Amino acid sequence: MMGGLDLIEHDGWSQADAIAELMRTKGKFDSNRAPAHPSLLEWTVQAIPRYLAAREAEQADTEGSVPQTIPIRFEWAALYDRKGDPDSRGATRYERSVWGRRYASADGSVRDIWLPSINRARSNRSEAEKAAVADVLATGEVCPRPGFERPYRPLRNQPPLRPVRVRAFGYGCGDDKVVPILDWDQDEVRGRYREYAAPAFARAAAGSAAVPGSSCGDTGPGIARRAADQWLNGSGVRGAVVYSNHMGVHGIGAGLMSHQRSVITEWAEQALPDGLVRTESLSRSAVGTSKPANARPAVEGQGKRAEELRAAHARRGALAAAVVRMRSAELEAVLDGPPIFEARLLWQTASSRRAAITGLAEILGLEEKSGAPMFDDGSPEAVEAVFDTAEPGNAVVYEWRTPELTVRLRCLPLSGGLADKLALDPKVRPQSVALTAAVAGRRGELAKFLSDDGSDPGSPTLALVEIAHRSTFRPATTDPKFVMRLGCADAGVLTQFVVVPSNAKGVKTEKNVDHRVRSGWLDGLRQLGVRVLPEHTLGGSLPEDLRYAAIWMVKRRKDGPTRLPLHLPVAVLMTPMPEDSGRVQVQGWDDDTKSWTPYPKFLLGLVKKAEIPGVEVPAGQWITNVDWRKNMDQQRKETASFLQRMLFSLRDQPTVLIAHSQNSRQHWPWLQDGNTVVDLIKTGHAPPATLDPNLRLVRIRGGAGRETPQWWGTGRPDGINGLPAGLWTLPTTPGADHRIFYSTTEKASQFKKSAVSANRLAPRAVAGSGKNWTIDADKPAWNPSLVEIAVLGCHPTAEENRAGDDPEALALAMHQLRQAPDYLDALSLPLPLHLAGLAQAYVLPMLAADEDSDDPDLEIDTISDDLDPDLASAPGLSQELDPTEEPALSIW
């Protein structure tokens, strides 16, 4: 904060430029200091304009009664030389200074000091402290700030007169309050200094004994640092060091496994007061099986290879169908033969290129060599030269022909610095302007690069793009990943990224490059709509032709004079295809044409929604609760209109609309617990209405904001409390209309080495061994959230030509939708909601700064660019500003 204020008050920078520099350097301001924590940076961004506004207000209040004061770069130091007469400690020079922001009138008659506090301004300063501060202001000489362990050196040209009046103010950066501390003339300063400060200074100067500080008692955490053996061998008191994964790699695994969490919870229950008890355990649903009918099979050996071939053949057929759906009717009429799928590989390293070619062939069940181009010279050196010299319009092309479709892979090296860090012009201020220029330039270069290679914005294709690890790009604003996604999208190319192989510390992407590129291709095909829909096992309990829609609020740029965040509703529709098990048509809602469009075109169309004109906004503009309400009211109106148009299109076929509580309830208030009414719906100002006969409404609540708890299964009294999968219900009450259910899934594959009985605090016996012991300290623990499924609206009463809905059956269908066969692990959300959430990557890619995992032991499909939307920022968790604290928020 002080560094940013120095730029503004002493160097003449604007607030916007100073804050941009603060963020660019992460608070270092090009010094050798360590970078500041992101939370401190955010705090500083809001504190600086508040402080300056408070200072300006104080000057305006005293205009005329006190001369105006201006910022002073130099420090004031009260200096005293003992002239060869050292004190009892040997000191021959005393220097007293005051930390704070210094100001003085132009004629030097008034000196002010402002003392900022992190939260509230201090109002309980002692008389000695105030007198000491005042004396430095009244008698201090003007000195440049000295270097470390260097004495103060007064400037040669000192003010001719001492100040007549000195003032001190406390400022609370948290509560934005200014507290006057003192306002004295020279006589009052001298008297108070002799009475209060001088005795305190004398005691400090004469004392030689050590003065105890914090953690210096006989017991407590301080002793662990000073005398570890005494702590470890003490009286049985145990200590723990809290560590965050954001601090870097650590040898101790994160979290506690289910059984140990249950034991700790039972121990904590002993402290609960009378009348406060844990809720009853949930009961497993008996309406059907937990897994979908086409669940991912668990096979090994020869059976595993056969299953891989079957899945590749099915994937090929689904891809062919997706390509056909993306064609226009005119093009479909003139084309003959199998559809053609064309993809691009934009590579930087030969190892990734080779792995990517092999990986694409494997996941589509193709013979790699059968699709290879013919080279004039087949020597390795000559082949590499051909790949290296490829350019747009003259790519190295692999082509495979199958009965279902023709697959072409165009291989191009990323040349011309297209994957390099963004070059920001240091002469352009503010930095946001420089960033905008760099983004526009690189985006256009990418679009031209692909257009020169024949890409067509009207015919979506896919590119696997190799890019350096995010740690390579410093500062983070120079990471070109989101710009590459936008530039490719402008050319009609969907993108999936794979990290350049590296063995650098904290990266470790060299070991499993084959797995990474294979996973990249799989996620890329999912963007094309090649998905396997989990088939429910409920038979006639659900409508035969039931389809699934999902709505999601994606964040746009902050725009307009208030720069309040704007959110855009998007919707995805999944329609099962009857001709094949698990085959599904994936579409997105195009609100411009008021129609459903193929998922790839839907994603590419969202890029236009991100193109919002920038508006210059004064830095530090206050946003009041009135502004917040106006902004939210407008967004709610737009969301209601969107819902009405989209829902009207779903009237012709049975459909379940799925919404996410934390994501959407702020913009669609009907989803809130206090507003919703069972089996009704409200999308605007009109009164709640009955659901359309073909519509059902389900709300999903995930772990965001800790709104759903961690969980474990209850075993035998002397057994292990594990992690069972299934659909769960509240304890049954006869005649009750249960609408709330809970979904749990099997342990994620990356935690396969973490036993549910793992003990983080001590060795444990291996189950079944009788005497072998193991240590679990290095194993990460899985701490899953309970997924709540609320069936808000359905048709439980049977009518003519229609059986009544069973809410529990609908909940089980949502549970099974989390278990997509083409994902290695269960999803946090039902598949349609997951796909809707992934649209964020094309509306505002910097918010979806996806990155491969750095864990080399993860299995193929877990190393995925396909992020979990349930972990994204949830606009529904935001709240209206407190009207008692206005202005309450500063937005940048």
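In which handedness of crossing, left-handed or right-handed, does H11 pass H15? The crossing of H11 past H15 is right-handed. This report describes that pair and other features of the structure, which is a predicted model.

## Overall composition

The protein chain contains 21 helices and 29 strands. Of its 892 residues, 46% are buried.

Contacts can also be considered by their separation along the sequence. Among contacts between residues at least 6 apart in sequence, 73% join residues at least 24 apart.

## Helices H11 and H15

Helix H11 covers residues 350–363 and helix H15 covers residues 513–527. Their axes lie 8 Å apart, and the two helices pack at an angle of about 55°. Because of this angle, H11 is oblique to H15.

On the side of H11, the contact is made by Ser352, Ala355, Ala356, Gly359, Leu360, Glu362 and Ile363. On the side of H15, the residues are Val513, Asp514, Val517, Arg518, Trp521, Leu522 and Leu525. By class, this contact of H11 with H15 has nine nonpolar, two polar and three charged residues.

## Helices H1, H2 and H3

Helix H1 comprises residues 2–9, and its buried residues are Gly4, Leu5, Leu7, Ile8 and Glu9. These buried residues pack against H2, H3, strand S1 (69–71) and strand S4 (101–105). H1 and H3 have axes 10 Å apart and pack at an angle of about 50°; the two helices are therefore oblique to each other. H1 passes H3 in a right-handed crossing. In this contact, Gly4, Leu5, Ile8 and Glu9 of H1 meet Ile48, Tyr51 and Leu52 of H3. The contact of H1 with H3 comprises five nonpolar residues, one polar and one charged.

Helix H2 (residues 15–25) also packs against helix H3 (residues 38–61): their axes come within 10 Å and cross at roughly 160°. This angle makes H2 roughly antiparallel to H3. The crossing of H2 past H3 is right-handed. Gln15, Ile19, Leu22 and Met23 in H2 meet Leu41, Thr44, Val45, Pro49 and Leu52 in H3. The residues of this contact of H2 with H3 comprise seven nonpolar, two polar and no charged.

## A buried histidine

Where does histidine 795 lie? Histidine 795 is in the loop between strand S28 (787–793) and helix H19 (807–817). Its relative accessibility is 10%, so histidine 795 counts as buried, the cut-off for that class being under 20%.

A polar atom of the side chain of histidine 795 lies 3.0 Å from the backbone oxygen of aspartate 692. Apart from neighbours within four places in sequence, histidine 795 is in contact with Leu691, Asp692, Pro693, Asn694, Leu695, Arg696, Arg802, Gly804 and Asp805.

## Backbone features in loops

Aspartate 176 has a phi near 60°, which is a positive value in a residue other than glycine. Aspartate 176 is placed in the loop between strand S7 (165–172) and strand S8 (177–185), and its relative accessible area of 25% makes it partly exposed. Arginine 706, although not a glycine, has a positive phi of about 55°. Arginine 706 is found in the loop between strand S23 (695–701) and strand S24 (726–729), and at 78% relative accessibility arginine 706 counts as exposed.

A further feature concerns a peptide bond. The bond from arginine 474 to proline 475 is cis, with omega near 0°. Proline 475 lies in the loop between strand S13 (461–467) and helix H14 (481–490).

## A glycine in helix H13

Glycine 444 is located in helix H13 (residues 431–451). Glycine 444 counts as partly exposed, with a relative accessibility of 38%. The C-alpha atoms of glycine 444 and leucine 486 are separated by 9.3 Å, and these residues are 42 residues apart along the chain.

Conventions. Residues are numbered from 1 along each chain as its sequence is written. This is a predicted model: local features need pLDDT of at least 70, side-chain atom pairs count only at pLDDT 80 or more; totals for chains, interfaces and linings use all residues. Side-chain values use heavy atoms; hydrogens and water are left out. Helices (H or I, at least four residues) and strands (E, at least two) are DSSP runs, numbered from the N terminus. Buried means under 20% relative accessible area, exposed over 50%, partly exposed in between (1.4 Å probe, protein chains only). A polar contact is a pair of N or O atoms within 3.5 Å; within protein, one must be able to donate a hydrogen and the other to accept it, and residues adjacent in sequence count only if both atoms are side-chain atoms. Contact means heavy atoms within 4.5 Å. Axes are lines fitted to C-alpha atoms, for helices over the stretch in contact, and angles run from 0 to 180 degrees between N-to-C directions. Angles under 35 degrees count as roughly parallel, over 145 as roughly antiparallel, 65 to 115 as roughly perpendicular and the rest as oblique. A crossing is left-handed if the near helix is turned anticlockwise from the far one by less than a right angle, and right-handed if clockwise. Ala, Val, Leu, Ile, Met, Phe, Trp, Tyr, Cys and Pro count as nonpolar, Asp, Glu, Lys and Arg as charged, and the others, Gly among them, as polar.
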